Amino acid sequence: MIQEKYILGIETSCDDTSVALVRKDAFVLAQKTITQDSRHKVFGGVVPEIASRAHAETLMLVIDDLLKDSEISMEMIEALAVTNRPGLLGSLIVGVVTAKTLSQVFQKPLLPVNHLEGHILAPFLWDEKREAPSLPLFPHLVLAVSGGHTSLYLVKELGDYIQLGTTRDDAAGEAFDKFAKMAGLGFPGGAKVDQFAKRGDKNRFPFTITKLSHYGFSFSGIKSAAERRLNEEIIQSHQDLCDLAASYQESIVESLLLQTEKAINDFNPKAFLVTGGVSANSRLRERAKVLAEKKSLPLLIPELRYCTDNASMIALAGWQRLRIDGPSDVLNVSVSSQYLEKDFKIWNS
Ligand code: KG4
Ligand code: ZN
């Protein structure tokens, strides 16, 4: 009998401690994610020092639970994949040191992963509750939107990424989080704005969208405009707040999809993918569907559990890296708060 092999993925780049077991065909056997929301809530944002300490307390315990609960022994682990860039340095170090130790003790290959490659591959993950999505034809267009990134990528083939454009100031998730903090909606911010917006009128407080040439994004203008509105007397009631949240959300989604549509028109991709924490946003999911239908393109968006940071996407990126680069020299694996030059090419008009 051929034994099924898994990559053990480890993700600790920000404030979620996540571990997962993923097969080469993107099937997720198990994933465990421990959020640190309750620890950061009181500060209204992620505190790096608290995040790294919490990862250190939790990570080995969660790995142990994952393996025990899924009855997987280390013999069934093909390799270890760990996010080593970009992210909070202290948090990344906890994941990388743990992965290096396991790799040495159990003599398993180690694959350092670019967090963003994980997000780009997340729409392909499947599990007992979701069927395997069919692979999109190449090239496909990826709108990657999270708390740290907002970019459009053209994927010519798996592993070959061209960044068409990115944000010149805040990431979309950051814009959601800052608004939630200013408006006192609670933490984590993006999900709260989504909830308030469901009860609001998106047309009540229109925002002017910054339109950049090519495929870039900018959210600082609408963030300042929202701050001014919040300081004005007009926002008095709960309904006013819901209306402002809905209008603000709509302008972010509109700006994301405007640039995406431009890229679809110019590059003629064969499929359209939306991924990253903000792809959990209900309005973005709804409008991405409408855009994909208008352009007659297949659309892939991850299940909610694979939108925000998770180790399944890191394990899947690990399979890609094993295929493309082979295992890394364990002692030379280090962490970086930034991307590396080899992570993607930059599109040059
Ligand atoms: O991918 P992710 O977990 O972390 C990064 O790689 O940055 O994304 C986190 C971001 C946060 O900014 C969070 O507010 C946002 O995703 N987010 C949402 C929603 N759920 C999470 N933004 C808008 N609507 C949501 N439902
Ligand atoms: Zn992320």
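Reader: How do the residues of the shell around ligand 1 divide into nonpolar, polar and charged?

Author: This is a predicted model. In it, 19 residues surround ligand 1. The shell divides into five nonpolar, three charged and eleven polar residues.

Reader: Which helices each supply at least two residues of that shell?

Author: Helix H5 covers 172–183 and helix H6 covers 189–198. A further helix, H4, spans residues 115–121. The helices that each supply at least two shell residues are H4, H5 and H6.

Reader: What share of the exposed area of ligand 1 does the protein bury?

Author: Start with the polar contacts. An oxygen atom of ligand 1 is 3.1 Å from a side-chain N or O atom of histidine 119, and an oxygen atom of the ligand lies 3.3 Å from a polar side-chain atom of serine 146. Glycine 277 places a backbone N or O atom 3.1 Å from a ligand oxygen. Alone, ligand 1 exposes 550 Å², and the protein buries 87%.

Reader: Which residues are the protein donors of the zinc ion, ligand 2?

Author: The donor spacing in sequence is H-x3-H-x189-D. The donor atoms lie 2.0 to 2.1 Å from the zinc ion.

Reader: How many residues apart are histidine 119 and aspartate 309?

Author: Both are buried. Histidine 119 sits in helix H4, while aspartate 309 is in the loop between strand E10 (299–300) and helix H10 (311–324). The pair links distant parts of the chain, 190 residues apart.

Note on methods. Residues numbered from 1 in each chain as written. Chains lettered and ligands numbered in written order. Predicted model: local features only at pLDDT ≥ 70, side-chain atom pairs only at ≥ 80, totals over all residues. Heavy atoms only, no water. Donors = N, O, S within 2.8 Å, 3.2 Å for Na, K, Ca; no water. Helix = DSSP H or I, 4+ residues; strand = E, 2+ residues; numbered from the N terminus. Buried < 20%, exposed > 50% of the residue type's maximum accessible area, 1.4 Å probe, protein only. Near = heavy atom within 4 Å. Polar contact = N/O pair within 3.5 Å; in protein donor to acceptor, adjacent residues only side chain to side chain. Areas by Shrake-Rupley, 256 points an atom, 1.4 Å probe, with all protein chains shown as cover. Nonpolar A, V, L, I, M, F, W, Y, C, P; charged D, E, K, R; others polar.
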